[in-house]
Amino acid sequence: MNVNQAFNSANFKHRVSSMNPILALLMVFAMALVAITLLPFLLLFGLISFLTLRFFGKKMLRRQQAEQARAYQNYANVQREPTAPYADMFKRSGTSQASTTGRTFEHQAD
């Protein structure tokens, strides 16, 4: 079996144990300082990205849906999917919903 000698565990243990402890401590402090320094900027970037997508996502989605709706206006013979059954089950009708008396579902007698 041909294994890269750089990943040999004996060599790795030797490299770690022969490292200068002061240098290792300084490297750990440097990485911690960089992480603490960059964390607020990373959080700020995430917040700005979230707010941007939150506010402009709906506009972009409406624009794309309008483009898709306009795409087939000139093609009347395009086969379209039928509407889903019971798709308009919970749509408000103008006459019955205007005269509700407090109940959320009006039962129609058979």
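Biologist: Where is the place of arginine 63?
Modeller: Arginine 63 sits in helix α2. Keep in mind that this is a predicted model.

Biologist: What makes the surface patch with Arg63 positive?
Modeller: Its members are Arg54, Lys58, Lys59, Arg62 and Arg63.

Biologist: Why is leucine 51 called partly exposed?
Modeller: Its relative accessibility is 36%. Buried means under 20% and exposed means over 50%. The value 36% falls in between, so leucine 51 counts as partly exposed.

Biologist: Which helix holds leucine 51?
Modeller: Leucine 51 is in helix α2, which covers residues 21-71.

Biologist: What makes up the nonpolar patch on the surface?
Modeller: Leu44, Leu47, Ile48, Phe50, Leu51, Phe55, Phe56 and Met60 form it. Together they have about 820 Å² of accessible area.

Biologist: Which residues does UniProt list for "transmembrane region"?
Modeller: The unreviewed entry lists residues 22-53. In the model, that span is 100% helix and 0% strand. Its end C-alpha atoms lie 46 Å apart.

Biologist: What is the pattern of the protein chain along the sequence?
Modeller: The pattern reads α-α-α. The chain has three helices and zero strands.

Biologist: How much of the chain is buried?
Modeller: Buried residues make up 0% of the 110 residues. Buried means under 20% relative accessible area.

Biologist: What is the accessible surface of the protein chain?
Modeller: About 11400 Å², and 64% of that belongs to carbon and sulfur atoms.

Notes: Residues are numbered from 1 along each chain as its sequence is written. This is a predicted model: local features need pLDDT of at least 70, side-chain atom pairs count only at pLDDT 80 or more; totals for chains, interfaces and linings use all residues. Side-chain values use heavy atoms; hydrogens and water are left out. Helices (H or I, at least four residues) and strands (E, at least two) are DSSP runs, numbered from the N terminus. Buried means under 20% relative accessible area, exposed over 50%, partly exposed in between (1.4 Å probe, protein chains only). Accessible areas come from the Shrake-Rupley method with a 1.4 Å probe; for residues, only the protein chains shown count as cover. Patches are made of residues with over 30% relative accessible area and no salt bridge: like charges are joined within 9 Å, nonpolar side chains (Val, Leu, Ile, Met, Phe, Trp, Tyr) within 5 Å. A salt bridge is a side-chain nitrogen of Lys or Arg within 4 Å of a carboxyl oxygen of Asp or Glu. UniProt positions are given in the numbering used here, feature names are shortened, and annotations may be inferred rather than shown by experiment. Lys and Arg count as positive and Asp and Glu as negative; His and the chain ends are not counted. The place of a charge is taken as NZ of Lys, CZ of Arg, CG of Asp or CD of Glu.
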